[in-house]
Amino acid sequence: MARRLLPGIALGAMALGVSGLLVILPTVSNACQPATTSSSVSSAEVADAIAPGASVLIVGDSYTSGRGSTSEDTGWAQDLVADRHWKATIDGYPGTGYVDTGRTGSSHYTFGPRLERHAEDLDPQLVIVQGSQNDWLVDSSTLQERVERTLRNAEQTWPDAVVVALGPSAPLPWANATVGVAASVSAGAAAAGVPYIDALAGQWFTTANSPGYAAIDGGHLNDAGYQYLADRVGESLDALAAPDDGDRCA
């Protein structure tokens, strides 16, 4: 699978946004944000979907493919799958998103069509759609509509699966450029009735921990950062499986 950095012009523009145009996130908390869920997803369903040996499909961007790690192919998804002993298909493609096609220039590489291509050969118990910070230039209403459509289609394709949206995440200061994206993804997930895991609201990456977790390019994570992200996602899934236990994310 091809792997690449975000286009240089995009990184430069993101840097400008970080410097003063976007809302600055709080940087003092290390606690994760409890995931939101809909009444259509029960804690028992989530518990079954995340149990050891579960069949899992994860679709996302360069964070899912592992860009920035030592091997360049071991990200949070690979770490989480190994930790949970899942039987997983991991479909990560750098530069892509719900709308963004990356350097391919083809909508076939966005999340929706990639999920559809797994419809015939997979019957997952859990579907995680990760991202995407790459959609930061997409109009908010367009992005929200695409997120809702993508997640609804996943639910219709696998009606017995638990579908979860994992919002954009990045070390500071890059995380500041994804605030708008996170809001649109959160709204789209809510409209689809899909649980949403919010790394930004949870302040997972702070000014204190970001230097130790950021890859050399500043926009991706290193090995320790991906394992940290995997741990946080796992804690959020556990919280969905036991929603009354509010301390799981502490």
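In this predicted model, Trp-76, Asp-79, Leu-80, Asp-83 and Arg-84 of helix H4 meet Asp-223, Tyr-226, Gln-227, Leu-229, Ala-230, Asp-231, Val-233, Gly-234, Glu-235, Leu-237 and Asp-238 of helix H9, where contact means heavy atoms within 4.5 Å. By class, this contact of H4 with H9 has 7 nonpolar, 2 polar and 7 charged residues; Ala, Val, Leu, Ile, Met, Phe, Trp, Tyr, Cys and Pro count as nonpolar, Asp, Glu, Lys and Arg as charged, and the others, Gly among them, as polar. The model is predicted, so local features need pLDDT of at least 70 and side-chain atom pairs pLDDT 80 or more, while totals for chains, interfaces and linings use all residues. Residues are numbered from 1 along each chain as its sequence is written, and side-chain values use heavy atoms, with hydrogens and water left out.

**Packing of H4 and H9**
- The axes of H4 (residues 76–84) and H9 (residues 223–241) come within 8 Å and cross at roughly 55 degrees.
- H4 is therefore oblique to H9, since angles under 35 degrees count as roughly parallel, over 145 as roughly antiparallel, 65 to 115 as roughly perpendicular and the rest as oblique.

**The chain as a whole**
- The chain has 9 helices and 5 strands, which are DSSP runs (helices H or I, at least four residues; strands E, at least two) numbered from the N terminus.
- From the N terminus on, the order of elements is α-α-β-α-α-β-α-β-α-β-α-β-α-α.
- Of the 250 residues in the chain, 51% are buried, meaning under 20% relative accessible area with a 1.4 Å probe and protein chains only.
- Among contacts between residues at least 6 apart in sequence, 78% join residues at least 24 apart.

**Asp-61**
- Asp-61 is found in the loop between strand S1 (55–60) and helix H3 (62–65), and is buried, with a relative accessible area of 0%.
- The side chain of Asp-61 reaches the backbone nitrogen of Tyr-63 at 2.9 Å.
- Although 35 residues separate Asp-61 from Thr-96 in sequence, their C-alpha atoms are 5.4 Å apart.
- Leaving aside neighbours within four places in sequence, the contacts of Asp-61 include Gly-92, Tyr-93, Phe-111 and Asn-134.

**Ser-184**
- Ser-184 is found in helix H7 (residues 179–192) and counts as buried at 6% relative accessibility.
- Not counting residues up to four places away in sequence, Ser-184 touches Ser-140, Leu-143 and Gln-144.
- A polar atom of the Ser-184 side chain lies 3.4 Å from the backbone oxygen of Ser-140.

Methods
Axes fitted to C-alpha atoms, helices over the stretch in contact; angles between N-to-C directions. Buried < 20%, exposed > 50% of the residue type's maximum accessible area, 1.4 Å probe, protein only. Polar contact = N/O pair within 3.5 Å; in protein donor to acceptor, adjacent residues only side chain to side chain.
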